[in-house]
Amino acid sequence: PAAAPAPATAASAAPADSGAIKVSGLPRGSSVLLDGIPVSEPVTRLPVGRHAVAISAPLHEFYEDTVEITAGQQLDYQPTLVRQGAGGPLRRRVLERLERRLEAGQAAVQGAGPAQCDAPGAGYNAGNLCYDVRPQPKTASLVPVPPGLAAPPSPSVLLVKVSAAGRALEVRPLKPSSNAEFEAAARRLAGEVEWSPATKAGRPVEGWTQWAFLPVR
């Protein structure tokens, strides 16, 4: 009889245009967002290109960074978190390191037009057509849990259109929370917080992003 085909492995099944990131060295109870989406596994596969990393860790300041994913490679990522109230030279070194990484990774992509970047959807910003660095909130995207709930609701994942000045122009639901009251509060917060706008060739531009707003007591 013909031999049965060998089962596909994770490596063989992985798309050729993807890589992975492994986040480690975090305090217990930390929450990790990749492109605004919560992740629970230590290793996450991502499409090739630039991706936003955000980390909320107990007793530490909210952390944000942008990483570059290479095809077929795993990025071992160990962020340097700053304890709340620490400030001083360590905080300045972390900020300087993030600024250098952003500057080193910026690419001058030409020819983006409003027709391709007006609305989010499949293939949006393919090849960094609309921006090089996605919009991100300047503060932690944490929403208080409505009183009276025994268990925290699920996060709210929203699509937000951010102006070049860092203001939310439009908010759309992508994956609504399990609680309607929390969902409404998350949308209000998305429209009120200050955003870091998208950048293209080092200049702020208008762009869409998806971001998760997490429950906190």
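**Close-up views of a predicted model**

**View 1. An open sheet of four strands has the order β3-β2-β5-β6, and its pairing is antiparallel.** The edge strands, each pairing on one side only, are β3 (37–39) and β6 (63–69). On average, neighbouring strands of this sheet are turned by 35 degrees against each other, direction ignored; axes are lines fitted to C-alpha atoms, for helices over the stretch in contact, and angles run from 0 to 180 degrees between N-to-C directions. Two strands pair if DSSP finds at least two bridges between them. Helices (H or I, at least four residues) and strands (E, at least two) are DSSP runs, numbered from the N terminus. The model is predicted: local features need pLDDT of at least 70, side-chain atom pairs count only at pLDDT 80 or more, and totals for chains, interfaces and linings use all residues. Residues are numbered from 1 along each chain as its sequence is written, and side-chain values use heavy atoms, with hydrogens and water left out.

**View 2. Strand β2 (residues 31–34) is joined to β3 by three bridges, and the two run antiparallel.** Valine 32 has valine 39 as its bridge partner in β3, and leucine 34 stands opposite isoleucine 37 in β3. The two strands form a hairpin with two residues between them; in the turn, aspartate 35 has a positive phi of about 55 degrees. Four bridges connect β2 to β5, again in an antiparallel arrangement. Here leucine 34 stands opposite valine 53 in β5. Strands of a sheet pair through backbone hydrogen bonds, either parallel or antiparallel.

**View 3. Arginine 134 lies in the loop between α3 (114–117) and β8 (136–137).** Arginine 134 counts as buried because its relative accessible area is 18%; buried means under 20%, exposed over 50%, and partly exposed in between (1.4 Å probe, protein chains only). The arginine 134 side chain makes a polar contact with the side chain of aspartate 35 at 3.3 Å and another with the side chain of threonine 209 at 3.0 Å. A polar contact is a pair of N or O atoms within 3.5 Å; within protein, one must be able to donate a hydrogen and the other to accept it, and residues adjacent in sequence count only if both atoms are side-chain atoms. Not counting residues up to four places away in sequence, arginine 134 touches Asp35, Ala52, Ala198, Thr209 and Gln210 (contact means heavy atoms within 4.5 Å).

**View 4. The largest nonpolar core has 19 residues.** Those with the most contacts inside this core are Leu33, Val143, Leu158, Val160, Trp195, Trp211 and Phe213. At least two residues of the core come from each of β5 (49–56), β10 (156–162), α4 (180–192) and β15 (207–216). Another core, of 13 residues, lies apart from it and includes Val32, Ile55, Tyr63 and Ile69. A nonpolar core is a set of buried Ala, Val, Leu, Ile, Met, Phe, Trp, Tyr and Cys residues joined through side-chain atoms within 4.5 Å.

**View 5. Tyrosine 124 and tyrosine 131 form an edge-to-face aromatic pair.** Their ring centres are 6.2 Å apart, with 65 degrees between the planes. Rings of Phe, Tyr and Trp (its six-membered ring) pair if their centres lie within 6.5 Å; planes under 30 degrees apart count as stacked, over 60 as edge-to-face and the rest as tilted. A search of the whole structure finds one aromatic pair. Tyrosine 124 counts as buried at 17% relative accessibility, as does tyrosine 131 at 3%.
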